[in-house]
Amino acid sequence: MTLRSAHEYRSSPRQISVYNTLAGRKEQLDPIDASSHSPEVKMYVCGLTPQDQSHLGHGLNSARFDIVRRYLAYRRLSVNFVQNVTDIDDKIIDKVLKTGQDPLAMTRGYTDEFYALVDRMHGLPVEKLTRVTEFVPQIIAFIQALIDKGFAYVTPEGNVYFEVSKKGDYGKLSNQNTSMLYESVRKELDKEKRSPLDFALWKRDESTSLSQPSPWGVGRPGWHIECSAMIHETLGDRIDIHGGGLDLKFPHHENEIAQSEAFSGNGFANVWMHGGLLNIEGQKMSKSLNNFTTLVDGLQKYGPAPFRFVVARHHYRSGIDLSDKLFRDNLNALLDFHRLFARVPERDAAQADTSSLEAQALIESFEAAMDNDFNSPEALVALEKARAAIAQQLDSGKATSEQVAGMTKLVVELGQILGLFFDSLEAVETQGLGLVASMLGVPPLSREDIAALLRERAEARAAKNFARSDDIRKEAALRGVEILDSKSGSTFRFV
Ligand SMILES: [Zn+2]
């Protein structure tokens, strides 16, 4: 897949504005790197804690930030994307102690599975994947620096805590001050800590092979310090964009800010981007509600391309409520695009003509939407309007084939910036037929079945056997397929 030609479409040097959680408003993205040619954007998004198979929420997070990366690249920014793997963590240790698995083999397995699925979703590869297990000495040095600067203290038990009261602006990301927070925490009977708000940087622990020696005894790092130290090691003290799900805003990201700013004496991430939460059929996804969907199962059921389409249809900051019905409706919309692409096979050979007024208008509205806090649903509306206009031109025969091919190619290439259109029409049809059949609890029709039904129905209609033609329509409806008639023949959609 190439974005190279798409780069050339760039119309005006408009700025990108991004909603910054830290500022509580949209701000211009102003890269720290001031080079005029393709400035670097340092970007970090909290990644996987591989104690189990990844779920739909992980896929959602990955697909959302993939759109951001692709658009920044389209805007000629050179994104340096780092993501961590929290392969030392309480949950991992709990699981290892319960199951007796080798921690490294287990976390490797889940991590490899996840990134293979990201690849199936056509996610861009991560520039650098930082595993905590590969950074423990650097994390220890980071903690030592915080102790030396007076922001952290060691307890007689061999734990190290960050002393929240030493960081006067603690709570600025989640808009809480320490006195509010103090009221909200249960006064833990933890005599070790100077304040219940203090959080662990190092935990004394000898229970698994993940533990390592440190100046404070054998133990392992706390969760928050891992991100701060690995960002410092890979991207430096100041980065452009820090992202993650909204559920990480407090305490994880708040604590990252406290640690990193205490360490460097400077600001940390210029922009904090948070993705809205995921629901399944109106409910939070959880194992106890029995709606927990692993990413591998979700992609099997809905397909990687329809999944990306649904993600692009929702703004990254808004919540997303996944359901079979939502996927079915979006499969119809995706089908419309692929049917158009199939009607214009010459698009691949075409030179996308971007000089026409309609091409310029499409580029303008696509960029205006994406420059406005990566508004992918609005950008997708612009593509849908263009799709409808091209289909109409094809029907009316009003445009030249060069114009149609050029515009179609433009729609494909702009769509690729949203992570779309990497699948074939056949794959999308098969995926949709499977989904509607599973929703109805009937065996799915194959593409060949549909073709045979449409053929038989055309023959029946030609022979004026309308009863048979109606029966075929009813048969298809029972399998989740509505037959649509038009002048150019019959087609179908998912119902
Ligand atoms: Zn993190």
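Visitor: Where is asparagine 175 found?

Guide: Asparagine 175 sits in the loop between β7 and α6 (178-184). Helices (H or I, at least four residues) and strands (E, at least two) are DSSP runs, numbered from the N terminus. This is a predicted model, in which local features need pLDDT of at least 70 and side-chain atom pairs count only at pLDDT 80 or more, while totals for chains, interfaces and linings use all residues. Residues are numbered from 1 along each chain as its sequence is written.

Visitor: What about the phi of asparagine 175?

Guide: Phi there is positive, about 60 degrees, although asparagine 175 is not a glycine.

Visitor: And why does asparagine 175 count as partly exposed?

Guide: Because asparagine 175 has 13 C-beta neighbours inside 10 Å. A residue is buried if 20 or more other C-beta atoms lie within 10 Å of its own, exposed if 12 or fewer, and partly exposed in between, with C-beta atoms placed from the backbone.

Visitor: Now arginine 76. Buried or exposed?

Guide: Arginine 76 is exposed, with 12 other C-beta atoms within 10 Å. Arginine 76 lies in the loop between α2 (56-74) and β4 (78-85), and its phi is positive, near 65 degrees.

Visitor: New topic: which strands form the open sheet?

Guide: Four strands, in the order β6-β7-β8-β9, with antiparallel pairing. Two strands pair if DSSP finds at least two bridges between them.

Visitor: Why is one side of β6 and of β9 left without a neighbour in the sheet?

Guide: β6 (152-154) and β9 (219-221) stand at the edges, each with a single partner strand, so one side of each has no neighbour in the sheet.

Visitor: How many bridges join β7 and β8?

Guide: Three, between β7 (residues 160-162) and β8 (residues 199-204), in the antiparallel sense. Tyrosine 161 stands opposite alanine 200 in β8.

Visitor: Switching to helices. At what angle do α13 and α14 cross?

Guide: The axes of α13 (residues 376-396) and α14 (residues 401-417) cross at roughly 160 degrees and come within 10 Å. Axes are lines fitted to C-alpha atoms, for helices over the stretch in contact, and angles run from 0 to 180 degrees between N-to-C directions. That makes α13 roughly antiparallel to α14; angles under 35 degrees count as roughly parallel, over 145 as roughly antiparallel, 65 to 115 as roughly perpendicular and the rest as oblique.

Visitor: Last one: which bond joins phenylalanine 250 and proline 251?

Guide: A cis peptide bond, with omega about 0 degrees. Proline 251 has its place in helix α8 (residues 249-264).
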